[in-house]
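Have the sequence and the structure open while reading.

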Protein chains: 2
Amino acid sequence: MAERAAKSPTIYDVARAAGVASSTVSRAFARPGRVNAETAEHIRKVAAELGYRANPLARALPTGRTSMISLVIADVTNPFYNEIVRGAQAAALEAGYTTLLTDAQESGAREREALERALTMVDGIVLATSRMSDSAIRMIAKQRPVVVMNRAVTDVPSVVTDNPRGVRRAVEHLGELGHDRITYLAGPEASWADGTRWRALREATHELELHAHRLGPYEPTVAGGAAAAADLMRHPTSAVLAYNDLMAIGLIRALTAAGVRVPDDVSVVGFDNIFAAELVTPALTTVAAPLHAMGQAAVRNLLALTRGARPTTQAPVVLPSQLVVRGSTGHRRRNRTSPASGTTKVSGPALMAATSTVAGSR
Amino acid sequence: MAERAAKSPTIYDVARAAGVASSTVSRAFARPGRVNAETAEHIRKVAAELGYRANPLARALPTGRTSMISLVIADVTNPFYNEIVRGAQAAALEAGYTTLLTDAQESGAREREALERALTMVDGIVLATSRMSDSAIRMIAKQRPVVVMNRAVTDVPSVVTDNPRGVRRAVEHLGELGHDRITYLAGPEASWADGTRWRALREATHELELHAHRLGPYEPTVAGGAAAAADLMRHPTSAVLAYNDLMAIGLIRALTAAGVRVPDDVSVVGFDNIFAAELVTPALTTVAAPLHAMGQAAVRNLLALTRGARPTTQAPVVLPSQLVVRGSTGHRRRNRTSPASGTTKVSGPALMAATSTVAGSR
DNA sequence: TTGAAAGCGCTAACAT
DNA sequence: ATGTTAGCGCTTTCAA
């Protein structure tokens, strides 16, 4: 093992070497305007020679600002968060902030606990798909600025996707393909998005004179989707809207294994457009969320809050969702063995045009 | 917006309320043995009533220990790291450490830069698949304990998977299926694993009297794998070993799109056994790394180092890899259109038994 | 066993 | 524009 270096130079070492007071060194770095240009230059040079790097912890003590933010996600293992994390990281980095990533492991209790530890070290918190109660979140928000994602909590700024619009698109799409009954595969009960999607489905089907059914809740995973297959076969419909892509994928696999063909026998639509959605066979039709943009927006808003900004509105920031039509949806068939009624081949590009790119909701 | 809480209580508030000196409060928390049991109890009670939580930053200043470690990964977007991250988080959490996740975005420069920022705030660093040079890594290791993953760096402790053994298993598997020429699809040149795998492939093919070819390097992504398809069709072999699953998946998709059937025309083996590997069609045969265990082992070793442990050996910790046989590999056919020579149907379970579960290498 | 006091490295008044 | 001097909240000798 290489030996640890002696000790990194402090602000005092630099001050001594440069022949100035430590406060001047401090200013030279934090408030360059408040110091003579030449002196500042000299100090920088000396500091560089000594290899001086300000200790962010020591800086945090008097200022109370750590330049760290906490990003809490429900499950690191869920690919849904990959792009969100990257978007958030990018926004944090560009503002000179460091991100503390916390995995709540789908447990509100663990989330609380982890937050408890991180709370004092961060300037703000992004809760991506929190499993905590609204009141617990509000409690946290009293101590540090908080932005929640995929959820609306009174008095807490949030960033969400336009679920109603996304569901509406999906329903229209399925309706055009001749499906008149749509089953919703529910996700975690603690999930705000789940409630929103189910409500949106009821509204959309009602308006379009279709019927909505509900199965679940299931785990928001491939296994959860597979578990739903049995239930679906007991209460079959020709179209399914799953809480997320993972469940949709699990459902399709279990269905296929049981001899039910997708999309010939049942059309399946997912949510999120995760990485694997276009890799599976059939590729998944899904309501895409702008994952990267959401992570970015959440962090940017959070940083604005830490700088003292007050939200101009109680309304969540709504980012547009988009229907991505792939192979898991197709025309409804009267029965499993007969050929398709009407046009068999669905023109992908034409349907893609039905895609929504709009925002704005309550 | 809810208003921020006034200010969290300090150690002095607790001391005053409990009628003891602040140093006693400090001891009561950090060194319970060094204080009268009753006093300690009393202090705890008072602290709890006040809602006192020690400020980790203030604590870090005099002690020099932050209870934070840094985990640097090459690409947050790459599902390969999901389980590693979770394993690392779990190990850190159980030891009372907080994890700082950093995304290097496949760039050695960005990695250096991010590390520069985090260096002073952490007690140690895990470099998962670093893209930095050996000397840069050694530089970092001079300042803080470092453990590298998937890589061997002189004088720096490391955790790796048994690549030679994994490659050997894959080659044996392909050999048994009748393939005698295997193409390796190379990944990033800065990747240690890439070099190791290619070397292992040469050795294994040599011993088994087969032939190894090499194509690339390509990006270690689905797009990279797709790009390799054209090259492969110019220099065709009946079997391919890809640098990772992402590339393998990309290759299969591009091949399939071009009318080349997998595994009928070409068998493909990947590396890593990422989440999507069993979701794609055909499901991917791949050399599985114990991702979770690796993350855990890396962090545990790192924490041992921070506690002053000195590595007992220069050799990397080697974790076993395993061949997972799925649908992307099959018997070699003499030509594309003729029926298989010999048994057509490959018995999945029988092949699964060929799976390796052993460790140990140099 | 407990208290008093001196820092850890940096910032932020307050002086000059 | 720069220097002086308190702290930030906690730990850690050193005394008592």
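**Where chain A meets chain B**

Q: What makes the pair Asp75(A) and Arg86(B) a salt bridge?
A: In this predicted model, the side chains of Asp75(A) and Arg86(B) have N to O at 2.6 Å. The rule asks for a Lys or Arg side-chain nitrogen within 4 Å of an Asp or Glu carboxyl oxygen, so the pair qualifies. The count between chain A and chain B is 6 salt bridges.

Q: Which elements of chain A give two or more residues to the side that touches chain B?
A: They are helix 4 (56–63), helix 5 (80–94), strand 2 (98–103), helix 6 (108–119), helix 7 (134–143) and helix 11 (245–257) of chain A. Strand 2 gives the most, with 6 residues.

Q: How do you know that 55 residues of chain A are in contact with chain B?
A: Contact means heavy atoms within 4.5 Å, and by that rule 55 residues of chain A are in contact with 54 residues of chain B. By class, this side of chain A has 28 nonpolar, 12 polar and 15 charged residues.

Q: What is the buried area between chain A and chain B?
A: The two chains bury about 5,100 Å² between them, and 59% of it is on carbon and sulfur atoms. Accessible area lost when parts come together is often used to give the size of an interface.

Key. Residues are numbered from 1 along each chain as its sequence is written. Chains are lettered from A and ligands numbered from 1 in the order in which they are written. This is a predicted model: local features need pLDDT of at least 70, side-chain atom pairs count only at pLDDT 80 or more; totals for chains, interfaces and linings use all residues. Side-chain values use heavy atoms; hydrogens and water are left out. Buried area is the accessible area (1.4 Å probe) that two parts lose on being put together, summed over both. Helices (H or I, at least four residues) and strands (E, at least two) are DSSP runs, numbered from the N terminus. Ala, Val, Leu, Ile, Met, Phe, Trp, Tyr, Cys and Pro count as nonpolar, Asp, Glu, Lys and Arg as charged, and the others, Gly among them, as polar.
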